[in-house]
Amino acid sequence: MRISDILAQRQSFSFEIFPPKGDMSVEQAEKVATELCENNPDWISVTFSAGGSGNSKRTADIGRRIERGVGTTALAHLTCFGSSRTDVDAYVRQLQSAGIENVLALRGDRAPGREAIDFFYASDLVPYLKEAGMCVGAACYPEGHVECEYLSDDLEHLKIKVDAGVDFLVTQLFFDNDDFYRFRELCDRKRIKVPIVCGIMPFTSVKQLQRMTFNCGASIPARVVKRLVAAGDDPTAQAAAGIRYAQEQIVDLAQNGVDGIHIYSMNRPEIGRAMHSALVDCGYLSA
Ligand code: FAD
């Protein structure tokens, strides 16, 4: 199903997974997706070589297993920096033969020695994918993209990207919902009118939180720091603090009428279950 159609009908609930890397097999990744689907997500997105993991070749395969095996809508990510039109055409053919209609159009991170070929920004990729008949999502950044010093400049670029044909947006992780509400208001004023789905990362350790926020330039509110100080060095207490914080965050978002909630699941079904139960308890989802 096209995600634009889902978002036209209801507030969404979805998960992100990454394709197998290291020792994980494709079958294990499919098992993760199957377990996440027990929470009835509207879709599952599959990353494309995120964090330089080099596992992009498996994105379409995992997406096919989600669509055909698990029976849920898949959103396949695609980064374009360093890719040619021929590369993108081949990927789109792969997606189409896998029955995948939704793609998240991304520039990807710049890497030393990698040059742009046919696409400089995600806004160059968006119309190309639209022409191929895909439903196209794109990334947005409530606190501004890490390479862009001023949020106002990033919003100008976001407006160009959306006007190039984006059907919906998914946010970078954020920990202070007020940052999102402010961003939503700014988008509205700029006439960025597509649905904005909130991407939420339940953190599970201090180290992971530091790495994620440093990579993407998101800030850590004092409230989060205080909870982690209370958890001390105990890994179980740190993880519990992160899950609890994310549950409170998504309940507040649900109560403030967001277009959708997308959980960065880190391939952990227990995170999916915890987020689902908080949203059932607050009435955003039915049991
Ligand atoms: P763009 O929208 O192209 O923006 C990149 C930068 O260029 C921004 O600073 C923007 O302000 C600036 N810019 C844009 N247009 C212009 C212009 N016309 N003139 C001047 N400056 C401009 N990475 C992966 O490798 N794999 C993934 O699967 C993946 N999934 C992601 C999912 C989500 C929801 C998000 C939020 C991010 C994801 N990323 C992923 C990370 C993403 O690739 C990086 O954040 C990347 O640095 C920017 O990608 P973008 O598509 O937002 O870029």
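Modeller: Before we start, a polar contact here is a pair of N or O atoms within 3.5 Å, and within protein one of them must be able to donate a hydrogen and the other to accept it, with residues adjacent in sequence counting only if both atoms are side-chain atoms. This is a predicted model, in which local features need pLDDT of at least 70 and side-chain atom pairs count only at pLDDT 80 or more, while totals for chains, interfaces and linings use all residues. Residues are numbered from 1 along each chain as its sequence is written, and side-chain values use heavy atoms, with hydrogens and water left out.

Colleague: Fine, then which residues come nearest to the ligand?

Modeller: There are 25 residues around the ligand, and Asp109, Tyr141, His145, Asp154 and His157 come nearest, where a residue counts as near if one of its heavy atoms lies within 4 Å.

Colleague: And what does Asp109 do with its side chain?

Modeller: A polar side-chain atom of Asp109 lies 2.7 Å from an oxygen atom of the ligand. For Arg107 a polar backbone atom is involved, 2.8 Å from an oxygen atom of the ligand, whereas Tyr121 places a polar side-chain atom 3.4 Å from a nitrogen atom of the ligand. The protein covers 86% of the 980 Å² of accessible area that the ligand has on its own, the areas coming from the Shrake-Rupley method with a 1.4 Å probe, with only the protein chains shown counting as cover for residues.

Colleague: Which element gives the most to that shell?

Modeller: Helix α6 does, with three residues. At least two residues each come from β3 (73–79), β4 (102–106), α6 (151–163) and β6 (168–171), helices (H or I, at least four residues) and strands (E, at least two) being DSSP runs numbered from the N terminus.

Colleague: How does the shell divide by residue type?

Modeller: It holds 11 nonpolar, nine polar and five charged residues, taking Ala, Val, Leu, Ile, Met, Phe, Trp, Tyr, Cys and Pro as nonpolar, Asp, Glu, Lys and Arg as charged, and the others, Gly among them, as polar.

Colleague: Back to Arg107: what does its side chain meet?

Modeller: It meets Glu147 in a salt bridge of 2.6 Å, N to O, the term requiring a side-chain nitrogen of Lys or Arg within 4 Å of a carboxyl oxygen of Asp or Glu. Arg107 lies in the loop between β4 and α5 (122–131) and Glu147 in the loop between β5 (135–140) and α6, so the pair ties together parts that are 40 residues apart in sequence. Arg107 is buried at 11% relative accessibility, while Glu147 is partly exposed at 43%, with buried meaning under 20% relative accessible area, exposed over 50%, and partly exposed in between (1.4 Å probe, protein chains only).

Colleague: How many salt bridges in total?

Modeller: The count comes to 20. In one of them the side chains of Asp61 and Arg64 meet at 2.7 Å, N to O, and these two are three residues apart in helix α3 (residues 59–70), so about one helical turn separates them. Asp61 also meets Arg65, at 3.5 Å, and that pair is four residues apart in α3, again about one helical turn.

Colleague: Is Arg65 buried or exposed?

Modeller: Arg65 is buried, with a relative accessible area of 18%, whereas Asp61 is partly exposed at 22% and Arg64 is partly exposed at 34%. Salt bridges that share partners join Glu27, Glu30, Asp61, Arg64 and Arg65 into one network.
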